[in-house]
Amino acid sequence: MESTGNTSVELPADAELHRRLVYGDESALAEAYTAYGGLVRRVAMRVTRSPAAAEDVAQEVFAQLWSRPYAFDARRGSLRTWLSMLSHRRAVDWVRSEARHRKDARADDSALHAIPDTGPGPDETVVDRERSLLLHSALAELPQPQREVVHLAYFAGRTYRQAAVELGIPEGTAKTRLRTALRTLAETLADPPDPGLERGA
């Protein structure tokens, strides 16, 4: 194996390594990982600032090298450069995805905060008691799948990702159920009943 940084040696070695990867030689993938795994993780780490994310990115990069080796063209540049670029691209995608997740989580929190507070106020004891009863009633009326996600996310302190894992459902499904439930609760609790009207006053 050529493992030097000399370009004149590296390019022919890359071409041979690429040929073996195309033919499904697992030892070629192992050689590529040994030679460039550290580089790929360092590039990803600089972008994500997360060791766990950098490791995930490295796995994705080498999985792509194995499943789509024809995407690399040794005539256009070195494998080192190609893997570095791929690692950077994947890391940027990870950062953007995390930013979207954080934005979605803040939106979900805002929706929850839009639900009227059920805690009793000094001059609103009767109304607050009605709100509390209404909240429990509204929760009970939710479909069970939505009720489960709300319970885990807001009463058991789970994130929607953790809730998805516990319920054995995709993250997107958990997020959709949570948002639908929050909208339903917010609409139900937006106009609490007037105790006087309830008593026929």
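**Close-ups of a predicted model**

**View 1. How confident is the prediction along the chain?** Among the elements of the chain, α2 has the highest mean pLDDT (91), while helix α9 (residues 195-198) has the lowest (46). Here pLDDT is the predictor's confidence in each residue, on a scale from 0 to 100, and helices are DSSP runs (H or I, at least four residues), numbered from the N terminus. This is a predicted model, in which local features need pLDDT of at least 70, side-chain atom pairs count only at pLDDT 80 or more, and totals for chains, interfaces and linings use all residues. Residues are numbered from 1 along each chain as its sequence is written, and side-chain values use heavy atoms, with hydrogens and water left out. The chain's average pLDDT is 75, and 69% of residues score at least 70. Residues 1-12 have pLDDT below 50, and beyond near neighbours in sequence that stretch makes twelve contacts in the model (contact means heavy atoms within 4.5 Å).

**View 2. Tyr33 meets Phe62.** Rings of Phe, Tyr and Trp (its six-membered ring) pair if their centres lie within 6.5 Å; planes under 30 degrees apart count as stacked, over 60 as edge-to-face and the rest as tilted. That rule gives two aromatic pairs. In one, the ring centres of Tyr33 and Phe62 sit 4.9 Å apart with planes at 65°, so the pair is edge-to-face. Tyr33 belongs to helix α2 (residues 26-48) and Phe62 to helix α3 (residues 51-67), so this pair links distant parts of the chain, 29 residues apart. Tyr33 is partly exposed, at 36% relative accessible area, but Phe62 is buried, at 5% (buried is under 20%, exposed over 50%, partly exposed in between, with a 1.4 Å probe and protein chains only).

**View 3. Phe72 meets Trp82.** These two rings have centres 5.7 Å apart and planes at 55°, so they make a tilted pair. Phe72 lies in the loop between α3 and α4 (79-113), and Trp82 in helix α4, so the pair ties together parts ten residues apart in sequence. Phe72 is buried, with a relative accessible area of 3%, and Trp82 is buried too, at 18%.

**View 4. Inside the largest nonpolar core.** A nonpolar core is a set of buried Ala, Val, Leu, Ile, Met, Phe, Trp, Tyr and Cys residues joined through side-chain atoms within 4.5 Å. The largest one has 22 residues, and Phe62, Leu65, Leu79, Trp82 and Leu83 have the most contacts inside it. Its largest share, seven residues, comes from α2. Setting aside neighbours within four places in sequence, Leu79 touches Asp14, Leu17, Tyr36, Leu65 and Phe72.

How values were computed. Helix = DSSP H or I, 4+ residues; strand = E, 2+ residues; numbered from the N terminus.
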